[in-house]
Amino acid sequence: MQVADHDTAPGTAKELGAFLERRREQIAQRWADTALFRTVFTVSRDEAVEACKAVVDALADVARSGRLEDVEAPGFGTVRDQLGRMAAARARAGFTPVQIAGEVAGLREPVTSLLHAEFDDAADDERVTACTQALAVLTATLRLVIMETTVSAGEELIARQRQQLLEVATPVIKLWDGVVAVPLIGTLDSARSQVVMESLLEAIVDQRAAYAILDITGVPTVDSLVAQHLMKTVAAARLMGAECIVSGIRPAIAQTIVQLGIDLGSIITRAGLADALAYALTKQGIVVSARPVTEAGPR
């Protein structure tokens with residue numbers, strides 16, 4: 001992948017690489033005071049300088065290779081590692097990929113100043129112009145690399161947060177010794193159904209549960225896909241040695257299941273969570289009885 005169609009002479013690219021190597025220390029010192037590095041390395045400026053040197057070395061390698069426009073150039077691997085972590089920190093602070101790319105673009109000016117200062121006495125203006133243009137191409141590619149890295153890191157962060165929300169929204173509760181339950185609330189899709197299955201199976205192992213209750217009282221609708229996920233979860237629980245009970249099937253859902261022709265005959269069902277718990281306790285030999293509630297009054 002290339003950022004543009006530029007013709008940079010190999011000699012010019014190598015000259016730029018040699019310049020970056022010569023001015024490594026000065027560039028690193030100036031970069032350490034830019035927003036991108038200063039706001040990330042807040043404790044030690046020396047640490048920021050060392051990070052800057054690593055980036056300068058990587059860019060020098062890219063320039064010497066002549067692949068100024070190629071985001072897959074080997075030298076950009078180090079750039080992704082160094083600047084990518086800083087860009088991720090800036091993204092967590094609320095900066096957009098475009099804003100971060102703007103900060104990366106700000107790294108060009110200090111290098112350009114040093115470049116012009118070094119070639120100030122050069123009689124060949126074309127040489128200065130060519131190196132400046134090569135630096136502009138390299139910086140543009142650097143911006144693209146960081147934008148790609150930032151967007152990728154943002155997508156990974158969103159995916160992790162989504163997974164965490166799914167896990168939080170699908171708690172597994174220990175109701176009794178050997179009895180666990182998953183109270184489901186909201187819509188079930190493939191991703192959440194998978195989390196339900198994994199969480200329940202892990203709880204069965206951790207709690208050594210003989211009975212697992214899936215309570216769908218809070219599930220608004222059940223279609224064929226949701227029913228299939230429930231049946232797969234029940235089957236998986238059985239393979240783990242636990243008997244699975246589905247509770248909370250409301251009248252409207254029961255009618256939908258019948259109309260869809262879904263056979264839940266092999267699944268134990270109960271009207272509510274309390275009924276499912278009573279069933280599990282009874283199967284374990286625990287007597288469950290309902291005591292009448294009486295009001296205490298004056299004698």
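1. A word on terms to start: two strands pair if DSSP finds at least two bridges between them. Helices (H or I, at least four residues) and strands (E, at least two) are DSSP runs, numbered from the N terminus. This is a predicted model, in which local features need pLDDT of at least 70, side-chain atom pairs count only at pLDDT 80 or more, and totals for chains, interfaces and linings use all residues. Residues are numbered from 1 along each chain as its sequence is written, and side-chain values use heavy atoms, with hydrogens and water left out.

2. Do look at the sheet: five strands form an open sheet in the order E1-E2-E3-E4-E5, with mixed pairing. Strand E1 (173-176) and strand E5 (268-270) are the edges; each has a single partner strand, so one side of each lacks a neighbour in the sheet. From one strand to the next, the twist averages 30 degrees.

3. Within that sheet, strand E3 (residues 211-218) and strand E4 (residues 243-247) run parallel and are joined by five bridges. Asp215 stands opposite Ser247 in E4.

4. Helix H9 (residues 190-207) packs on the sheet, where it touches E1, strand E2 (179-185) and E3; contact means heavy atoms within 4.5 Å. The direction of H9 makes about 165 degrees with that of E2 (axes are lines fitted to C-alpha atoms, for helices over the stretch in contact, and angles run from 0 to 180 degrees between N-to-C directions).

5. Elsewhere, helix H2 (residues 24-31) packs with helix H7 (residues 108-118) at an angle of about 145 degrees, their axes 9 Å apart. Gln26, Ile27, Arg30 and Trp31 of H2 meet Pro110, Val111, Ser113 and Leu114 of H7.
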